[in-house]
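Got your viewer open and ready? Grab the selection tool and follow along, one stop at a time.

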Amino acid sequence: MAEMKTLAKDTAIYGVSSILGKFLNWCLVPFYSYVLSSSAEYGMVTELYAWTALLLVILTYGMETGFFRFANKPGADPEQIYSTSMFSLAGSSVLFILLCLVFLSGISSAMGYGEHPDYIWMMAIIVALDAFSAIPFAWLRYKKRPMAFASLKVLMIFTNIFFNLFFLYLCPKIQISNPGLISWFYNPSYGVGYVFVSNLISSIVGLVTLVPFMIHIKWSFDGVLLKKMLKYSLPLLVLGVAGIMNQSFDKMMFPHLFQDQAYAKAQLGIYGACYKIGVVMMMFTQAFRYAYEPFVFSKQKSSDSKKAYSDAMKYFFIFSVFIFLGIVYFLDVLQYLVSPEYRSGLIVVPVVLICFIFQGIYFNLSFWYKLSDKTQWGAYISLIGCVMTVAGNIIFVPIFGYMGAAWVSCITFFVMTMITWMLGKKYYPISYDLKSMLRYTVIGAILYLIGMKIPIGSEVLRLGFRTFLLMLFAVYVLRKDVSVQSIPYLNKLFKKR
């Protein structure tokens with residue numbers, strides 16, 4: 001239970017930076033809609049950041065997980081593994097920047113940004129800096145310093161927010177009253193370009209603040225070690241690219257599956273806005289991932305490691321069901337996060353939440369091939385998921401619209417989860433508490449049906465009734481599987497006397 005307390009505490013701390021970052025970045029969306037000159041400009045932001053997500057996976061090429069795997073091997077020298085990993089990512093990041101600068105004109109024209117090649121080179125530098133910074137951030141996780149990790153992430157977030165507000169809101173005000181004060185650096189016609197400038201400054205600040213965690217180690221490079229790490233990590237690159245495709249391909253392909261482009265874009269807008277309501281589940285999964293990855297690799301040396309992995313899966317699932325019920329129960333309130341024209345898409349939220357739960361379970365199960373050095377299986381499973389995503393969207397989206405896209409994602413991650421579980425039983429068997437997970441699935445389904453299907457006309461009474469049901473679930477969990485003393489921060493309020 002002590003390990004579960006530590007894992008839960010680290011998940012909570014990592015969740016602060018994740019949740020805060022997602023929330024503040026979400027808040028930038030309405031801000032951009034007011035300050036940018038047109039929706040086309042925000043379209044540029046959307047497109048380039050979609051490419052950024054893909055390129056970041058490519059430029060880190062699984063080295064984060066590789067670092068954790070090799071740093072926790074018996075007799076390993078973590079500092080040598082850390083420095084070798086950084087040399088590798090530094091080299092690939094610099095090469096990426098040079099290639100982008102050499103072929104900048106061609107890349108910009110091919111992407112439709114021939115008049116703004118500066119957008120492309122800024123995003124290239126941002127991706128390269130963030131890719132290199134991934135290993136120092138992994139080092140903080142390895143050293144179990146979640147507060148330092150979260151603090152630096154939050155600093156980067158606030159830096160980005162500050163400069164967005166400065167360039168897009170404050171500077172235009174100053175330009176009207178006292179243009180000479182800022183004319184030496186501010187161009188009022190640059191517009192959306194300052195979104196990328198702000199991100200670039202944030203990435204530079206992040207790298208600078210990581211310097212103290214780079215200079216106090218013994219620097220060395222081991223080519224033989226790097227080859228072993230690349231052999232382990234490169235299959236994870238395929239996994240990562242396929243994973244990005246599994247999560248985002250529906251949104252990329254959606255407009256091209258309808259003849260009526262205006263209708264397609266309107267439906268995609270509804271889908272995208274309502275999809276974001278489920279972001280709480282995604283943030284919980286991401287926070288858990290940050291804490292769980294170093295936990296798994298450090299715990300593998302212990303004799304009770306498989307019991308710890310099983311417990312972590314059970315608790316992850318319990319809290320996922322709780323979050324699911326909390327979100328669907330309060331959709332009547334959460335709907336105000338989107339304007340009325342989007343609310344017809346709220347029916348997609350439960351499916352999106354279930355999809356995120358399967359993603360989290362899949363992540364938990366996937367450690368069998370990472371711990372047994374069979375990462376090629378991760379690539380195979382992700383490719384299967386990618387094929388299902390592409391085929392499913394082509395077949396079902398034209399018929400069922402965004403509900404088809406949501407169900408394709410959900411079914412895809414369910415299939416990937418089942419394949420991973422069955423292979424894991426063969427190569428790295430872990431006795432997961434399937435009985436408890438099934439019990440909570442049934443309880444969650446019953447509470448969902450009771451809370452959502454019983455008609456209650458008064459919104460106040462309806463929300464009160466659902467709150468009561470959610471509290472019943474929480475009380476059941478605390479009495480059956482989770483003690484209050486095991487929950488970080490709450491345990492201080494309920495100390496045994």
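Four salt bridges turn up here, a salt bridge being a side-chain nitrogen of Lys or Arg within 4 Å of a carboxyl oxygen of Asp or Glu. Before you click, know that this is a predicted model, where local features need pLDDT of at least 70, side-chain atom pairs count only at pLDDT 80 or more, and totals for chains, interfaces and linings use all residues. Residues are numbered from 1 along each chain as its sequence is written, and side-chain values use heavy atoms, with hydrogens and water left out.

Select Arg 141 and Glu 64. Their side chains make a salt bridge, 3.4 Å from N to O. This pair joins distant parts of the chain, with Arg 141 in helix 6 and Glu 64 in helix 3, 77 residues apart. (Helices are DSSP runs of H or I with at least four residues, and they are numbered from the N terminus.) Is Arg 141 buried or exposed? Arg 141 counts as buried because its relative accessibility is 1%; buried means under 20% relative accessible area, exposed means over 50%, and partly exposed is in between, using a 1.4 Å probe and protein chains only.

Next, pick Lys 314 and Asp 433, another salt bridge, this time at 3.9 Å from N to O. Lys 314 sits in helix 13 (residues 305-329), while Asp 433 is in the loop between helix 18 (402-427) and helix 19, so you are looking at a link between distant parts of the chain, 119 residues apart. Lys 314 is buried, at 11% relative accessible area, whereas Asp 433 is partly exposed at 26%.

Now go to Arg 466 and Asp 332. Their closest N and O atoms are 3.5 Å apart, in a salt bridge. Since Arg 466 is in helix 20 (residues 459-480) and Asp 332 in helix 14 (residues 331-334), the pair ties together parts that are 134 residues apart in sequence. Arg 466 is buried at 5% relative accessible area, and Asp 332 is buried too, at 17%.

Select residues 63-71, which is helix 3. How many residues of helix 3 are buried? Nine of the nine are, so helix 3 is largely enclosed by the rest of the structure. Among the buried residues are Phe 67, Phe 68 and Phe 70, along with Glu 64 from your opening stop.

The cut-offs are under 35 degrees for roughly parallel, over 145 for roughly antiparallel, 65 to 115 for roughly perpendicular, and oblique for the rest. The crossing of helix 3 and helix 4 is right-handed, where right-handed means the near helix is turned clockwise from the far one by less than a right angle, and left-handed means anticlockwise.

Helix 3 and helix 6 pack at about 40°, their axes 10 Å apart. Helix 3 is therefore oblique to helix 6, and this crossing is right-handed.

Keep helix 6 (residues 117-142) and bring in helix 8 (residues 193-210): their axes come within 9 Å and cross at roughly 30°. So helix 6 and helix 8 are roughly parallel to each other, and they cross in a left-handed way.

Find Tyr 61 in the loop between helix 2 (39-60) and helix 3. Tyr 61 has a positive phi of about 35°, although it is not a glycine. Tyr 61 is buried, at 10% relative accessibility.

Then jump to Tyr 440 in helix 19 (residues 434-453). Tyr 440 is buried, with 0% relative accessibility.

## Out to the surface

Last stop: Phe 400, in helix 17 (residues 376-400). Phe 400 is exposed, with a relative accessible area of 51%.

Conventions:
Helix = DSSP H or I, 4+ residues; strand = E, 2+ residues; numbered from the N terminus. Axes fitted to C-alpha atoms, helices over the stretch in contact; angles between N-to-C directions.
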